[in-house]
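Please read them alongside the coordinates.

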Amino acid sequence: MEKQGAMLVGLCGRSGSGKGYVSRMFKLCGIPSVDTDAVYRDMTSASDELSPCMTELVSRFGAGILCEDNSLNRAVLRSLVFGEDKEALSDLNRITHKHILARTEEIASELYADGAKIVLIDAPLLYESGFDKKCEAVVCVTAPEETVISRIMQRDGISREAALARLKTQISSEELSSCADFVIANDCEKDELMNRVKNCADRLYEIYNENYTQM
């Protein structure tokens with residue numbers, strides 16, 4: 001039986017791989033993306049009324065995680081998550097991931113209604129969050145190690161040692177590539193990278209046409 005709606009495709013890659021740049025190239029091919037980090041920031045931003053996600057976070061971690069404008073006090077939450085409570089981090093992920101996924105699916109439906117057949121899910125923790133299970137395919141963006149380190153240092157204004165420490169906390173490029181259906185190596189000039197993205201987009205459209213119906 002053929003499916004309906006937008007085909008969800010996971011987009012993964014380590015920090016500094018150029019994943020955001022590649023997602024913008026996919027948009028030129030008619031494939032928009034949903035940035036799950038942006039979704040999380042939106043649902044934990046200042047508001048007159050708490051979002052369902054914030055309501056659940058307050059229930060678990062207390063009203064102390066709120067700023068005066070009802071936005072999330074990330075410093076306070078971070079101190080709680082990495083404190084003595086061994087269940088805090090898993091509870092945080094359990095709460096946030098389900099709300100982010102639900103909102104991401106809503107946005108994907110809205111994009112589908114606007115004509116998008118395929119929607120990329122740009123999730124830094126694609127596999128850790130379980131978002132990959134909602135995706136028809138996964139695209140991994142890779143880049144040479146020194147390029148990745150240099151980008152992180154320049155982008156975030158940190159030392160090489162700090163950049164390396166950050167990368168050590170992430171799934172390796174090799175493991176991400178082995179789990180993905182498509183790998184785009186971001187190790188070339190802009191025109192060649194665009195060709196690689198377009199070739200991947202063409203294959204994704206083939207999968208869509210094989211498995212999905214249009215309403």
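1. Helices here are DSSP runs of H or I with at least four residues, strands are runs of E with at least two, and both are numbered from the N terminus. This is a predicted model, in which local features need pLDDT of at least 70 and side-chain atom pairs count only at pLDDT 80 or more, while totals for chains, interfaces and linings use all residues. Residues are numbered from 1 along each chain as its sequence is written, and side-chain values use heavy atoms, with hydrogens and water left out.

2. Just after α3, G62 takes a positive phi of about 95°, and in the loop between α3 and α4 lies N70, whose phi is near 75°, a positive value in a residue other than glycine. Most residues other than glycine have a negative phi. N70 is partly exposed, with a relative accessible area of 21%.

3. What is the volume of the largest pocket? The value comes to about 1,600 Å³, on a 1 Å grid over the protein atoms alone, where a pocket is an open set of points with protein on both sides within 12 Å along at least five of seven lines, a cavity is a set where a 1.4 Å probe fits but cannot get out, and lining residues have an atom within 4 Å of a point. Grid points are joined across faces, edges and corners, and a volume is the space filled by probe spheres set on the points. The pocket is lined by 41 residues, of which D37, Y40, P124, L125 and Q170 lie nearest its centre. Two or more lining residues come from each of α1 (19–28), α2, α4, α5 and α6 (145–156), and α5 gives the most, with six. The lining divides into 16 nonpolar, 13 polar and twelve charged residues, with Ala, Val, Leu, Ile, Met, Phe, Trp, Tyr, Cys and Pro counted as nonpolar, Asp, Glu, Lys and Arg as charged, and the others, Gly among them, as polar.

4. The count of cavities of 30 Å³ or more comes to two. The largest cavity holds about 40 Å³ of space and is lined by G13, R14, S17, V141, T142, A143, V148, S173 and L176; β4 and α8 (173–179) each supply at least two of its lining residues. By class, that lining has four nonpolar, four polar and one charged residue. The second largest cavity, at about 30 Å³, is lined by L8, L101, T104, E105, I121, F131, K134 and C135, and α5 provides the largest share of this lining, three residues.

5. V139 sits in strand β4, residues 137–142, and is buried, with a relative accessible area of 0%. Leaving aside neighbours within four places in sequence, V139 is in contact with V9, G10, L11, C12, F26, F182, I184, C200 and L204. The C-alpha atoms of V139 and A180 are separated by 5.7 Å, although the two residues are 41 apart along the chain.

6. T147, in helix α6, counts as partly exposed at 29% relative accessibility. Its C-alpha atom is separated by 8.6 Å from that of D187, a residue 40 places away along the chain.

7. The count of aromatic pairs comes to one, a pair being rings of Phe, Tyr and Trp (its six-membered ring) with centres within 6.5 Å, called stacked when the planes are under 30 degrees apart, edge-to-face when over 60 and tilted for the rest. Y208 and Y212 form this pair, which is stacked, at 5.1 Å centre to centre and 10° between the planes. Both Y208 and Y212 are buried.

Note on methods: Buried means under 20% relative accessible area, exposed over 50%, partly exposed in between (1.4 Å probe, protein chains only). Contact means heavy atoms within 4.5 Å.
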